[in-house]
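Hi everyone, thanks for making time for this. I'd like to walk you through one structure and the side-chain geometry I find worth a look. Have the viewer open and follow along.

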Amino acid sequence: MEYVTLNNGIKMPVLGYGVYQVSNEECERCVLDAISVGYRSIDTAQAYGNEEAVGNAIRKCGVPREELFITTKVWISNGGYEKAKASIQESLRKLQTEYIDLLLIHQPFNDYYGTYRAMGEAYKEGWIRAIGVSNFYPDRLIDLCNFVEVAPAVNQVETHVFQQQKTAHGYMEKYGVQHESWGPFAEGRKDFFTNPVLNEIGKKHDKSAAQIALRFLIQSGIVVIPKSTHKERMIQNLDVFNFTLDEADMAAIQALDEKESLFFSHYDPATVEMMTGLHR
């Protein structure tokens with residue numbers, strides 16, 4: 001495994017296992033499988049409804065807690081100082097752990113300054129090793145970075161070969177925030193796994209399109225958390241540290257960037273109404 005060092009000195013694996021859209025029933029088995037094949041970073045969230053399953057896996061896996069890197073996220077409905085503070089303790093209880101390695105604000109809605117203050121306190125008290133944000137576009141990220149005491153360590157945003165987030169990446173670098181990708185395979189949209197560019201480069205390195213896509217992001221300085229419920233794919237997603245993409249490979253993949261989300265835009269009022277109305 002390779003690591004990045006966050007802006008507070010904490011080391012984070014560059015490749016982890018994400019459990020978005022993994023049901024609570026299936027999640028415990030999936031996380032145990034992931035840990036058994038070598039993953040040490042697990043990414044969940046309050047809104048995923050599977051923190052308990054992740055907690056059960058943490059307890060049963062046999063790997064010392066200090067060797068694991070656990071991420072969760074505060075949901076919109078837990079926004080604001082008091083609610084966020086209570087939700088952090090609830091996440092700790094569900095995850096059956098004395099600390100969380102990385103806690104993120106899931107979306108930049110509700111009183112996220114109050115949320116961030118509660119997270120900053122929990123960080124200083126030792127409940128959390130690093131704090132950050134998710135889905136913060138450059139304008140929101142710059143605003144936050146300029147007015148908080150504890151700088152965000154990570155920003156987790158949609159990032160894949162079709163939406164490479166080059167502008168956002170530049171601002172994250174400027175403010176010392178680690179770029180983390182969600183949806184590194186774009187959830188298979190736009191015929192992702194049969195993409196001719198990824199497959200052509202894959203043939204050259206004897207790797208799959210998925211492995212090429214992960215390697216591209218890692219070489220671009222981006223942390224990735226691919227999700228799979230199949231053990232053999234988990235193993236394949238982890239097998240990306242024994243080859244390097246050359247400049248021509250990187251340039252060919254960079255040319256796939258369409259600079260647009262395949263999922264949602266926070267600049268779309270209907271999307272914001274939907275997100276903020278989910279659990280009011």
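Let's begin with T72. Not counting residues up to four places away in sequence, T72 touches T44, A45, Q46, E51, S91, L95, I100, L102, L103 and L104, where contact means heavy atoms within 4.5 Å. Before going on, a word on the ground rules. This is a predicted model, with local features needing pLDDT of at least 70 and side-chain atom pairs counting only at pLDDT 80 or more, while totals for chains, interfaces and linings use all residues. Residues are numbered from 1 along each chain as its sequence is written, and side-chain values use heavy atoms, with hydrogens and water left out.

Back to T72, which sits in strand β5, residues 69-74. Helices (H or I, at least four residues) and strands (E, at least two) are DSSP runs, numbered from the N terminus. Is T72 buried or exposed? Its relative accessible area is 0%, so T72 is buried. For the cut-offs, buried is under 20% relative accessible area, exposed is over 50%, and partly exposed lies in between, with a 1.4 Å probe and protein chains only. The side chain of T72 also makes a polar contact of 2.7 Å with the side chain of E51. A polar contact here is a pair of N or O atoms within 3.5 Å; within protein, one must be able to donate a hydrogen and the other to accept it, and residues adjacent in sequence count only if both atoms are side-chain atoms.

Next, please find L68, in the loop between α2 and β5. L68 is buried too, at 3% relative accessible area. Leaving aside neighbours within four places in sequence, L68 is in contact with I35, R40, I58, C61, V63 and D101.

How many disulfides does the structure hold? The structure holds 0, with a disulfide taken as a pair of cysteine sulfur atoms within 2.5 Å. C27 is in no disulfide, and its nearest cysteine sulfur, that of C30, is 6.5 Å away. C27 is buried, with a relative accessible area of 0%. For C61, also in no disulfide, the nearest cysteine sulfur is that of C27, 13 Å away.

Now for the rings. A search of the whole structure finds 11 aromatic pairs. Rings of Phe, Tyr and Trp (its six-membered ring) pair if their centres lie within 6.5 Å; planes under 30 degrees apart count as stacked, over 60 as edge-to-face and the rest as tilted. Take Y20 and Y48: their ring centres are 5.1 Å apart and their planes meet at 50 degrees, so this pair is tilted. The pair links distant parts of the chain, 28 residues apart, with Y20 in the loop between β3 (17-18) and α1 (24-37) and Y48 in the loop between β4 (41-43) and α2 (51-60). Y20 is partly exposed at 40% relative accessibility, whereas Y48 is buried at 18%. Elsewhere, ring pairs join F162, F185, F192 and F193 into a cluster.

Two arginines sit over rings as well. R65 lies over the face of Y99, 4.1 Å from the ring centre, and the charged end of R215 is over the ring of F243, 5.9 Å from its centre. The test is NZ of Lys or CZ of Arg within 6 Å of the ring centre and within 35 degrees of the ring normal.

On to the nonpolar core, meaning a set of buried Ala, Val, Leu, Ile, Met, Phe, Trp, Tyr and Cys residues joined through side-chain atoms within 4.5 Å. The largest one has 85 residues, and those with the most contacts inside it are Y17, V19, V31, V161, L198 and I253. Helix α8, residues 209-219, gives the most to this core, with 8 residues. Beyond its neighbours within four places in sequence, I253 is in contact with residues including V161, L198, I212 and F216.

Last stop: backbone angles. Most residues other than glycine have a negative phi. D191, in the loop between β9 (178-182) and α7 (196-205), has a positive phi of about 50 degrees. D206, in the loop between α7 and α8, has a positive phi near 60 degrees. D191 is exposed at 57% relative accessible area, and D206 is exposed at 70%.
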